[in-house]
Amino acid sequence: MDRDWAEPLDLDAVAAHAGYSRYHFVRAFKAVYGQTPGQYLSRRRIDRAEELLRSADLSVTEICTLVGFSSLGTFSTRFKKQTGLTPSEYRAKHVGRGAALIPGCYALLWAGGFPGKEKPVSEQRNSEEAG
């Protein structure tokens with residue numbers, strides 16, 4: 001979950017990988033981390049969104065999608081619950097306290113490309129040959 005935090009959570013697959021049933025995994029995870037896997041993943045996504053709001057020239061909607069939320073409403077609600085500010089309020093408070101914002105196109109490329117775009121055939125071939 002720490003590595004693939006922007007991907008949808010397949011709790012059954014994670015639990016199976018750990019050798020537990022889904023329900024036992026959730027109980028064990030909560031006992032160790034004090035929160036469910038879904039809550040933990042949401043916190044990681046919001047943490048990443050905070051970084052992007054401070055550093056990247058991307059819209060709140062683009063950041064919402066980039067960090068793994070499929071609903072802007074859910075993202076905004078969870079962001080405000082965790083930080084006490086809406087994403088826009090957070091950006092207004094923190095932008096201007098350091099370096100200029102990174103252009104959105106660079107931030108998207110750094111994050112793995114543009115959502116919904118496939119890799120060029122040459123990149124697909126190169127990654128297949130390397131693997």
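Buried, in this talk, means under 20% relative accessible area. Keep that cut-off in mind, because R48 falls below it, with a relative accessible area of 12%, and is therefore buried. R48 is found in helix α3. A caution before going on: this is a predicted model.

Now the overall layout. The chain has 131 residues, and 26% of them count as buried. Its secondary structure comes to 8 helices and 2 strands. Reading from the N terminus, the order is α-α-α-β-α-α-α-β-α-α.

Next, contacts along the chain. Take those between residues at least 6 apart in sequence. Of these, 56% join residues at least 24 apart. As for the surface, the chain exposes about 8,800 Å². Carbon and sulfur atoms supply 51% of that area.

On to helix packing. Two packed helices are described by the angle between their axes and the distance between the axes. Here I pick helix α3, residues 37-55, and helix α5, residues 72-83. How do their axes cross? At roughly 85 degrees, and they come within 10 Å. An angle of 65 to 115 degrees counts as roughly perpendicular, so α3 is roughly perpendicular to α5.

Who makes the contact? On the α3 side we have S42, R43, I46, D47, A49, E50 and L53. On the α5 side we have F75, R78, F79, Q82 and T83. Sorted by class, the contact of α3 with α5 has 5 nonpolar, 3 polar and 4 charged residues.

Now the aromatic rings. How many aromatic pairs does the count come to? The count is 7. One of them is F29 with Y40. Their ring centres are 5.6 Å apart, with the planes at 75 degrees. Over 60 degrees counts as edge-to-face, so this pair is edge-to-face. The pair links distant parts of the chain. F29 is in helix α2, residues 22-33, and Y40 is in helix α3, 11 residues apart.

Are these two buried or exposed? F29 counts as buried, at 9% relative accessibility. Y40 is buried too, with a relative accessible area of 15%.

Y40 also forms an aromatic pair with Y33. The centres are 5.5 Å apart, and the angle between the planes is 50 degrees. That pair is tilted. Y33 itself counts as partly exposed, at 48% relative accessibility. Step back, and ring pairs link F25, F29, Y33 and Y40 into a cluster.

K93 is found in helix α6, residues 87-94. With a relative accessible area of 46%, K93 is partly exposed. Where does R54 sit relative to K93? The two are 39 residues apart in sequence, and 9.0 Å apart in space, C-alpha to C-alpha.

To recap. Helix α3 is roughly perpendicular to α5. Helix α3 also holds buried R48, and it carries Y40, the partner of F29 in helix α2. That is the picture from this predicted model.

How values were computed
Residues are numbered from 1 along each chain as its sequence is written. This is a predicted model: local features need pLDDT of at least 70, side-chain atom pairs count only at pLDDT 80 or more; totals for chains, interfaces and linings use all residues. Side-chain values use heavy atoms; hydrogens and water are left out. Helices (H or I, at least four residues) and strands (E, at least two) are DSSP runs, numbered from the N terminus. Buried means under 20% relative accessible area, exposed over 50%, partly exposed in between (1.4 Å probe, protein chains only). Contact means heavy atoms within 4.5 Å. Accessible areas come from the Shrake-Rupley method with a 1.4 Å probe; for residues, only the protein chains shown count as cover. Axes are lines fitted to C-alpha atoms, for helices over the stretch in contact, and angles run from 0 to 180 degrees between N-to-C directions. Angles under 35 degrees count as roughly parallel, over 145 as roughly antiparallel, 65 to 115 as roughly perpendicular and the rest as oblique. Ala, Val, Leu, Ile, Met, Phe, Trp, Tyr, Cys and Pro count as nonpolar, Asp, Glu, Lys and Arg as charged, and the others, Gly among them, as polar. Rings of Phe, Tyr and Trp (its six-membered ring) pair if their centres lie within 6.5 Å; planes under 30 degrees apart count as stacked, over 60 as edge-to-face and the rest as tilted.
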